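Please look over the sequence and the structure shown below before reading on. The report that follows takes up a few topics in turn.

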Amino acid sequence: MANSRLEKIGTIITRTQGLLKSGALKFDERPLWYDVVTAFPPKDEPRFDRPAPNVSVRPIFYAEDTIRAKFHKTNKALFAVNLLDNNNRSATQQFIEIYQSLASQGALDEQKVFETALDLLEDKMRQQREKRSAENTPQDPIVTTAPTDTDNTVKLQDIFKD
């Protein structure tokens, strides 16, 4: 198939139909997309030499995108986020909420709002970490600590004794 120019003869749909009609391709082994394309044929023929449509791309930026970009540019060390967890908000989401609430008050300029929001987020994250560590620490140290027995330790010198 090297140096073959068969892709220029017909479309992928007509070539697949030809393979099915000739028996070179069994009907059960047809591509997954074939049924979809035959049920919903494209408006324009998908040829290799068709010019690309001149469609302008709409800007889809939101107001918080610039805030998010600035936040990620200044804060490199972020933890992994579980996208399946809808109960807890990520650090970025929390920062944007804090930033927007401060900006809606209108008392500070943009840089001061950003710095204040960073400080408030750090305080909030620190409180969450302290709360988590307080929940994970054992309440009764007598029950949770294992007894230490020095007689059961193995020394490297004892292993190689003759």
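How large is the relative accessible area of D123, and is D123 buried, partly exposed or exposed? With a relative accessible area of 33%, D123 is partly exposed, because the partly exposed class lies between under 20% for buried and over 50% for exposed.

## Overall make-up

The model discussed here is predicted. The chain holds seven helices and zero strands, and when it is read along the sequence its pattern is α-α-α-α-α-α-α. Of the 162 residues in the chain, 14% are buried.

Among contacts in the chain with a separation of 6 or more, 42% are accounted for by residues 24 or more positions apart.

## Salt bridges

Side chains of opposite charge can pair when their charged atoms come close. In this chain the count comes to four salt bridges, and the paragraphs here describe pairs from among them.

One of these pairs involves D123, whose side chain meets that of R126 in a salt bridge with an N to O distance of 3.0 Å. R126 and D123 are three residues apart in helix α5, so about one helical turn separates them. R126 counts as partly exposed because its relative accessibility is 39%, and D123, at 33%, is likewise described as partly exposed.

A further salt bridge joins the side chains of D35 and R30, with 2.8 Å from N to O. D35 has a relative accessibility of 35% and therefore counts as partly exposed, while R30, with 23%, is also assigned to the partly exposed class. R89 and E97 form another salt bridge, in which the closest N and O atoms are 2.5 Å apart. For this pair, the relative accessible area of R89 is 45%, which means that R89 is partly exposed, and E97 is counted as partly exposed at 35% relative accessibility.

## Patches on the surface

Which residues gather in a patch of negative charge on the surface? The patch consists of D109, E110, E115, D119 and E122. E122 belongs to helix α5, which covers residues 110–136, and with a relative accessibility of 42% E122 counts as partly exposed.

A nonpolar patch on the surface is formed by V154, L156, I159 and F160, which together have about 490 Å² of accessible area. F160 lies in the segment after α7, a helix that spans residues 156–159. Because its relative accessibility is 63%, F160 counts as exposed.

Is T11 buried or exposed? T11 has 4% relative accessibility and therefore counts as buried, the limit for that class being under 20% relative accessible area. In the chain, T11 is placed in the segment before α1, the helix at 12–22.

When its neighbours within four places in sequence are left aside, T11 is in contact with E45, P46 and R47. The picture for T11 is thus that of a buried residue that lies in the segment before α1 and has contacts with E45, P46 and R47.

Definitions and conventions:
Residues are numbered from 1 along each chain as its sequence is written. This is a predicted model: local features need pLDDT of at least 70, side-chain atom pairs count only at pLDDT 80 or more; totals for chains, interfaces and linings use all residues. Side-chain values use heavy atoms; hydrogens and water are left out. Patches are made of residues with over 30% relative accessible area and no salt bridge: like charges are joined within 9 Å, nonpolar side chains (Val, Leu, Ile, Met, Phe, Trp, Tyr) within 5 Å. Accessible areas come from the Shrake-Rupley method with a 1.4 Å probe; for residues, only the protein chains shown count as cover. Lys and Arg count as positive and Asp and Glu as negative; His and the chain ends are not counted. The place of a charge is taken as NZ of Lys, CZ of Arg, CG of Asp or CD of Glu. Helices (H or I, at least four residues) and strands (E, at least two) are DSSP runs, numbered from the N terminus. Buried means under 20% relative accessible area, exposed over 50%, partly exposed in between (1.4 Å probe, protein chains only). Contact means heavy atoms within 4.5 Å.
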